[in-house]
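Here is a set of questions and answers for a reader who is meeting this structure for the first time.

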Amino acid sequence: MPADGNSRLQWFVMRDLKRRNAKLPAYKLLESLGLQVFTPMVWRLVVRHGKRSREEVPFMQDLLFVHDTRQTVDPIIEKYGTVQYRYVRGGYKIPMMVRESDMQRFIHAVESSENPRYYTPEEITSDMIGRKVRIVGGPLDGYEGCLQKMQGARVKRLFVELPNLLAAAVEVQSEYIQVI
């Protein structure tokens with residue numbers, strides 16, 4: 001990490017050690033402290049007090065991304081023991097980070113899709129990956145990636161990845177797809 005690494009804005013990959021049904025999960029806590037937080041969210045049916053309802057919940061309960069400086073995040077981690085950095089494998093206490101451009105691209109893609117589907121790297125198999133394409137026009141203009149192969153699906157989905165962490169399949173209109 002460069003000498004100014006503590007004072008540069010970074011996207012840190014974080015863990016939330018609280019239970020799934022905690023009243024104040026880490027992403028809400030960090031947002032309330034004024035930090036920019038991104039948590040991949042999905043809609044799930046939940047039962048509360050005997051009633052079923054749809055609720056937006058984190059895709060992975062313990063995964064969130066925080067955009068701030070190490071100087072700002074370190075004291076929060078010390079104060080709240082249920083929030084931790086995810087560390088680089090094989091490195092000693094080196095927090096995982098995502099490049100600014102990769103994170104902005106991922107967030108933009110997910111927010112442009114009404115119903116993104118998230119996958120961990122282990123869930124994506126070679127038979128799910130379709131043709132390599134470029135998107136020309138529309139909200140994802142300029143994106144390149146692979147289409148998701150789905151038997152009999154009317155909707156086309158493009159994989160957008162955060163390498164080794166997470167992938168999202170987002171809807172794209174057929175008229176914007178250019179096969180590479």
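This is a predicted model: local features need pLDDT of at least 70, side-chain atom pairs count only at pLDDT 80 or more; totals for chains, interfaces and linings use all residues.

Q: Is Thr 39 buried or exposed?
A: A residue counts as buried when its relative accessible area is under 20% and as exposed when that area is over 50%. The relative accessible area of Thr 39 is 10%, and leaving aside neighbours within four places in sequence, Thr 39 is in contact with Tyr 27, Pro 58, Leu 63 and Leu 64. Because 10% falls under the 20% cut-off, Thr 39 is buried.

Q: Is Asn 164 buried or exposed?
A: Asn 164 is also a loop residue, found between strand 11 and strand 12. Its relative accessible area is 72%, and the cut-off for the exposed class is over 50%. For that reason Asn 164 is exposed.

Q: How far apart in space are Asn 164 and Thr 120, C-alpha to C-alpha?
A: Along the sequence, Asn 164 and Thr 120 are 44 residues apart. For the chain as a whole, residues 24 or more positions apart account for 63% of the contacts with a separation of 6 or more. In space, the C-alpha atoms of Asn 164 and Thr 120 are separated by 8.1 Å.

Q: Which element gives the largest share of the largest nonpolar core?
A: The largest nonpolar core has 29 residues, and those with the most contacts inside it are Phe 38, Phe 65, Phe 106 and Tyr 118. Two or more residues of this core come from each of strand 1 (10-16), helix 3 (100-112), strand 9 (129-135), strand 11 (156-162) and strand 12 (166-172). The largest share, 5 residues, comes from helix 3.

Q: How many residues are in the second, separate core?
A: In soluble globular proteins, nonpolar side chains tend to be buried together. In this chain of 180 residues, 40% count as buried. Met 14, Leu 35, Val 37 and Ile 76 are included in the second core, which is separate and has a residue count of 16.

Q: Which residues lining the largest pocket are the closest to its centre?
A: The largest pocket holds about 550 Å³ of space. By class, its lining has 12 nonpolar, 2 polar and 6 charged residues. Of the 20 lining residues, the closest to the centre are Arg 86, Met 96, Pro 163, Asn 164 and Leu 165.

Q: Which element gives the most to the lining of the second largest pocket?
A: The second largest pocket has a volume of about 380 Å³, and of the 16 residues that line it, the closest to its centre are Arg 20, Asn 21, Arg 48, Glu 55 and Val 57. Its lining divides into 6 nonpolar, 2 polar and 8 charged residues. At least two lining residues come from each of helix 1 (26-32), strand 3 (41-48) and strand 4 (51-58). With 4 residues, the element that gives the most is strand 4.

Definitions and conventions: Residues are numbered from 1 along each chain as its sequence is written. Side-chain values use heavy atoms; hydrogens and water are left out. A nonpolar core is a set of buried Ala, Val, Leu, Ile, Met, Phe, Trp, Tyr and Cys residues joined through side-chain atoms within 4.5 Å. Buried means under 20% relative accessible area, exposed over 50%, partly exposed in between (1.4 Å probe, protein chains only). On a 1 Å grid over the protein atoms alone, a cavity is a set of points where a 1.4 Å probe fits but cannot get out, and a pocket is an open set with protein on both sides within 12 Å along at least five of seven lines; lining residues have an atom within 4 Å of a point. Grid points are joined across faces, edges and corners, and a volume is the space filled by probe spheres set on the points. Ala, Val, Leu, Ile, Met, Phe, Trp, Tyr, Cys and Pro count as nonpolar, Asp, Glu, Lys and Arg as charged, and the others, Gly among them, as polar. Contact means heavy atoms within 4.5 Å.
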